[in-house]
Structure formats: structure tokens, C-alpha cells
Amino acid sequence: TEKGSTVEGAWYYTPSTQQNGYFIPVRNEEGYIIRMRVRRDTGNPKYIWFSSQHNIDNETNMVRMRRNGVSSGGPLNLAVPFQLLQNWPMGENIANICRMDTLIATEGEFKSWISANVFNVPVVGLPGAGNFKDLLPLLSKWGVKKLIIAYDMDTLQREDDSLKSQQKQANLFGLVKNFALEAMKAGVTTYLWTWGLSD
């Protein structure tokens with residue numbers, strides 16, 4: 001029984017993407033899965049975190065009740081090609097299982113896993129365009145010499161001529177610029193790749 005609650009019983013998680021979709025594991029630099037992201041084929045939002053606050057005090061339907069999910073903030077996702085992933089012993093730092101001299105940083109877990117396998121290099125999935133500060137100290141720790149920032153094309157190109165689109169593009173470009181400058185201050189050669197708008 002949760003303290004202060006009148007709801008009793010055993011609690012367990014039954015992972016589900018609710019209809020169609022899949023889980024995306026978020027791994028830390030030691031290879032541990034520290035969070036799960038759910039990518040749904042239908043519904044809004046498209047991406048949700050597999051964690052939540054309890055709702056047992058205001059939910060009457062037992063099927064929808066949940067106890068406290070674990071919050072892990074917005075962690076970085078460390079993705080490596082699948083052939084390396086199979087041999088990554090949990091607890092072993094990523095720098096010990098693969099070369100880290102070239103690193104791609106992109107937005108999101110989904111792009112990081114796909115990119116790691118397409119380009120056959122380690123990829124960091126940032127939880128958002130401006131959330132790069134946790135990565136900066138790791139660049140020198142891992143011995144990164146070349147950083148490729150791979151963000152969506154909307155960092156360089158507006159979707160339309162509206163004021164909202166102009167402001168969004170300017171804001172995103174400012175975030176990418178700051179990210180690149182901080183990486184270069186750490187002595188890392190930095191490049192910018194962009195994903196095509198149609199992709």
C-alpha cells in the first residue's frame with residue numbers, strides 16, 4: 001500500500017506501446033539501459049517516455065493506475081553499431097570497446113541508433129538541440145578529435161517565411177553555433193551535417 005493511499009495490491013509494470021510502436025533503449029556510457037523511450041506509430045505525442053508520476057489518488061480504473069515511474073531527466077543516449085553492442089559488457093565504458101576519435105552527435109535516440117549502424121561509428125543522441133552541456137566534458141574523456149553535429153535542416157533553412165519559422169530557425173542555429181564553439185574550445189575539430197527536410 002502506498003503511504004496515504006487507500007489503494008492496495010501488488011504493482012507490476014506491463015510494458016506496452018499502447019497500440020503500434022516500439023521501445024527505444026537509452027544507454028549510458030557504461031552500456032546500461034537507463035531509460036526507455038516509446039515511439040508510437042499513431043497518436044500524439046509520437047515519442048513518450050516510459051516513466052511517469054503516480055496517479056493512484058485520482059484514477060479509479062485499475063487498468064490505468066500506475067505507481068511512481070523513475071524519472072531520469074534528459075540523458076544522453078550512447079549508440080554503437082549493433083555488432084559492437086552485442087559484445088559490450090555492461091559496466092564497461094564505451095571508450096574501452098570502440099574508437100571514439102570520431103563522434104556524431106544528433107538529436108534523439110532513434111536517429112542515434114540508426115546513424116550508428118549506417119555510419120559504423122559511435123553516435124550520441126542528445127535529448128534536444130540545446131542539451132549538449134553533458135556531452136562537453138566527455139569529449140576530452142573519450143579522446144574525441146572530430147565531432148560531427150548532425151541536426152535537422154531546420155537549423156539552416158526555414159520551413160516557410162512566417163515570423164514563427166524565422167524565429168525557430170534563428171534559435172536553432174544559435175544552439176548549433178554555441179555547441180560547435182564549445183566543442184572547438186575543447187580542441188575538437190567540428191563539422192555540421194544536416195538531415196534533408198524530406199527525411
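**Layout of the chain**

Tutor: The protein chain has four helices and eight strands; helices (H or I, at least four residues) and strands (E, at least two) are DSSP runs, numbered from the N terminus. This is a predicted model, where local features need pLDDT of at least 70 and side-chain atom pairs count only at pLDDT 80 or more, while totals for chains, interfaces and linings use all residues. Residues are numbered from 1 along each chain as its sequence is written, and side-chain values use heavy atoms, with hydrogens and water left out.

Student: In what order do the elements run from the N terminus on?

Tutor: The order is β-β-β-β-α-β-α-β-α-β-α-β.

Student: How many strands are in the open sheet that has mixed pairing?

Tutor: Five, in the order β4-β6-β5-β7-β8. Two strands pair if DSSP finds at least two bridges between them. β4 (77–79) and β8 are the edge strands, each with a single partner, so one side of each has no neighbour in the sheet. From one strand to the next, the twist averages 25 degrees.

Student: Which way do β5 and β7 run?

Tutor: Parallel: β5 (residues 102–107) and β7 (residues 146–152) are joined by five bridges. Leu103 has Leu147 in β7 as its bridge partner.

Student: What packs on that sheet?

Tutor: α2 does, touching β4, β5, β6 (123–126), β7 and β8. Contact means heavy atoms within 4.5 Å. The direction of α2 makes about 20 degrees with that of β4. Axes are lines fitted to C-alpha atoms, for helices over the stretch in contact, and angles run from 0 to 180 degrees between N-to-C directions. Helix α4 (residues 163–185) lies across β5, β6, β7 and β8, at about 175 degrees to β7.

Student: OK, switching to the three-strand sheet. What's its order?

Tutor: β1-β2-β3, an open sheet with antiparallel pairing. Here β1 and β3 (47–49) are at the edges with a single partner strand each, so one side of each is left without a neighbour in the sheet. The twist averages 30 degrees from one strand to the next. α2 packs on this sheet too, touching β1, β2 and β3, and its direction makes about 80 degrees with that of β1.

Student: How many bridges pair β1 with β2?

Tutor: Seven, between β1 (residues 21–27) and β2 (residues 33–40), in the antiparallel sense. Phe23 has Val38 in β2 as its bridge partner, and Pro25 has Met36. Five residues lie between the strands of this hairpin, where Gly31 takes a positive phi near 90 degrees.

Student: Now the surface. Which residues make the nonpolar patch?

Tutor: Phe110, Ile114, Val118, Phe119, Tyr191 and Trp193, over about 550 Å². The elements giving two or more residues to the patch are α2 (109–119) and β8 (189–195), and α2 gives the most, with four. Patch residues have over 30% relative accessible area and no salt bridge; like charges are joined within 9 Å, nonpolar side chains (Val, Leu, Ile, Met, Phe, Trp, Tyr) within 5 Å. A salt bridge is a side-chain nitrogen of Lys or Arg within 4 Å of a carboxyl oxygen of Asp or Glu. Accessible areas come from the Shrake-Rupley method with a 1.4 Å probe, and for residues only the protein chains shown count as cover.

Student: Why does Ile114 count as partly exposed?

Tutor: Because its relative accessibility is 45%; buried means under 20% relative accessible area, exposed over 50%, and partly exposed in between (1.4 Å probe, protein chains only). Ile114 is in helix α2.
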